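Dear colleague,

I am passing on the structure below, together with some notes on what was found in it.

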Amino acid sequence: MKQVHIKVALVGNPNAGKSTLFNALTGLRQKTGNFPGVTVEKKSGTFRLSGLEGQPDTAVTVVDLPGTYSIYPKSKDETVVMDILANPKHPDYPDVVIIVADASNLQRNLLLFTEVSDLGVPSILALNMLDVASSMNLTVNAVQLAMQLNVPVIRINARTGEGIGNLKEAVKQIVEKSEKPALQYFYEPKGKEVEMIEEVRELYQLDNDYVALQYVCQHDNFSFLEQPVRAKLDTLIEKYGFDENHFLASETVARYEKIKPIVSKAVKSQGITEQPYWTRKLDSILLHSVWGYVTFAFVLLVVFQAIFAWASYPMDMLDAATAQTIEWTKEVLPKGVLNDLITDGILAGIGGIIIFIPQIAILFALVSVLEESGYMARVMVIMDKLMRRFGLNGRSVVPLISGVACAVPAIMTTRSISSRYERLLTILVTPLMSCSARLPIYTILIALVVPTTKVFGFFNMQGLVLFGLYVLGLVGALGSAWLLSLFIPRKEPGYFMLEMPTYKWPRWGHVGFSMYESVKSFVLEAGKVIMAISIILWVLASYGPGDSMRNAENRVIAEMGTKPQEEINVAVASAKLENSYAGQFGHFIEPVIRPLGYDWKIGIALLASFAAREVFVGTMATIYSIGGDSEDVLTVKEKLLNEKNPYTGAAMFTPAVCYSLLMFYVFAMMCMSTIAVVYRETHGWKWPLIQLVYLMALAYVSAFATFQLLS
Amino acid sequence: MSARTVCSLRKGEKGVIKSFTNREMSLKLLEMGCLPGSEVRLDAIAPFGDPICINVGGCYSLSLRLNEAAVIELE
């Protein structure tokens, strides 16, 4: 028998070191994508085996399945594990499963092992964290374990790479064995279960008892079963009077009964079993009712400092580089429509995306360090009670913090929240956290109206207002969560139950990789939309219906006659814009936004930034017809200061208008990418639409109130 | 008098799991390694008294909300 393509799947408890092993096996030969048919992130990679069946070199694909405590899923991610392992036709169905077990907590880790083994996929047990086990005075006899479990047991250290060679060798040996050894089930069905399994096996031509049993228990989670099959299985449940809840508990207990004697033979304890000293010591500080919060506040401070102060250097460099590229391209390419489209449309759009890369990279590197080290789990514990008051979960802290960089990856991190209700609320309020795309808007509007005076001698007034806007976003998020929780009925009690991993040094390679992944997903997800909008906006602002633009141009030239050429050019550009499609639309929506203090020009910017807020500043720059470097804040600022209100003749950007705009952008859901990701994560249009309407209403009302109070 | 649960432990105090009072929760707890007969110790109480962290069988630390901990009856 010759197999060309070999697939290996990794399964294991969370914190057992599965991802570390995945990295050790595949190195950088890995990619992330989605599992077919479900929106769960899939990490896959390859390693090479030499000498397999006489072949010099064979590629082995490794798929990292989501961490889980059992094959019965508790969160959305975990359903993937059984969707693959119960379906031999699945493209990712493995030839070999490697079950990664934390040797310091073997009994619990073996529960998942026995379940997976019973499904009939050839299995290998990889014993990881033996160093932690030995620091807890535990020694594990792998040979003894292998004999009792009847599978290869390999001692590994995923962090140092020890034993990885042996593990690959074990994969090779299993693949080379032409026939599967007879399966010894760890769980033996009792009573009526036996008959029911027999019937399911016959109905669906299954060769494994436990897979048949899972058809009964989990068919609603199996994407590969059609509706009639599910209905048929439901009738079988009735026919045999199968009580699922009762069965699950008794199965788990029965498995532990089998596991206990195995563990007591293989694991020997010398002295008292206790978690590592440092973990206990650090927990006493980081979970402390005072020091816990002090530390968390300090960590947040560092995070903010990093993404606002440190990130500004690379951001300025990228900004300058983009401006230079645009200028250079403008000169090199022949003048004309194509030149304008490439420079003012496409390149300006790309510049608007890459400017945020430093902030996103730094934020996700820091979040990944906090997660890797085990600290994030402690933050979730100290924040759970507070978050629960607002209908959220301690686990909501991660998406809310990540939301400060970008809501798109932040919403994807909500998948770890197992309570569907708490996850939904978190998704609905995460866009209220002021993301980095709002920062340029905040910066320019604050620069317009807030003086640089010092408060109490050292706080810069502008900095305080900026900080206030972020606080307002957080208050908005928590307040909305609380309000929404009054209206959305809760169907199931939320639950927390979180394993506290031991503290570890983060692995920098892993941190770097997760940083790279988040930047990539941002550039691809948000980038597409921003690019498209920049181009559309450029077209709308450059063309108008019929001859309206040419007429306007001729009229202005006739009116201004002898004025200097420079002044005429500016007047022509502004008249052309007013008569373009974009300008006409701005006039069309002006009645709606007048109460907020905005005119048609701001209307165009609002409309354009509906797709992505970061477009606002660039659009303002285009609209106020500034030639050259459209990202230059100083010039934009001067132009805005000089702008006159067409109705009163006084300055357009009064404090009332600026604060009104600030309020609008704090709350408004102005981001297509977020809407798209919410649609994907909630499987429908209902929630993204509700979210859009309530955030827009909130933005409109607060901007209205602000303008009316201040003017 | 109601049965003693994990909630009634004081910080540092130990107990042995007897049974669970909620079936759905019990499955989750079993899968997380809380077995009848295991020794648990209350290690930490989060600020505001909830959630709590318990050590299970000396092996690992598990954080639970009070309503989840109340399901675990002690001997």
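How are α20(A) and α29(A) oriented to each other, roughly parallel or roughly antiparallel? Please bear in mind throughout that this is a predicted model. The axes of helix α20 (residues 439-449) of chain A and helix α29 (residues 655-667) of chain A come within 9 Å, and they cross at roughly 160°. Angles over 145 degrees count as roughly antiparallel, and α20(A) and α29(A) are therefore roughly antiparallel to each other. Their crossing is left-handed. On the side of α20(A), the contact is made by I441(A), Y442(A), L445(A), L448(A) and V449(A), while α29(A) brings P655(A), C658(A), L661(A), L662(A) and Y665(A) to it. By residue class, this contact of α20(A) with α29(A) divides into 10 nonpolar, no polar and no charged residues.

Turning to the two chains, 32 residues of chain A are in contact with 28 residues of chain B. On the side of chain A that touches chain B, the elements that give two or more residues are α3 (106-118), α10 (244-266), α12 (291-310), α16 (375-389) and β12 (498-500) of chain A, and the largest share, six residues, comes from α10(A). The residues of that side of chain A divide into 15 nonpolar, 10 polar and seven charged.

With best wishes

Methods. Residues numbered from 1 in each chain as written. Chains lettered and ligands numbered in written order. Predicted model: local features only at pLDDT ≥ 70, side-chain atom pairs only at ≥ 80, totals over all residues. Axes fitted to C-alpha atoms, helices over the stretch in contact; angles between N-to-C directions. Helix = DSSP H or I, 4+ residues; strand = E, 2+ residues; numbered from the N terminus. Parallel < 35°, antiparallel > 145°, perpendicular 65-115°, else oblique. Left-handed = near helix turned anticlockwise from the far one by under 90°. Contact = placed C-beta atoms within 7 Å. Nonpolar A, V, L, I, M, F, W, Y, C, P; charged D, E, K, R; others polar.
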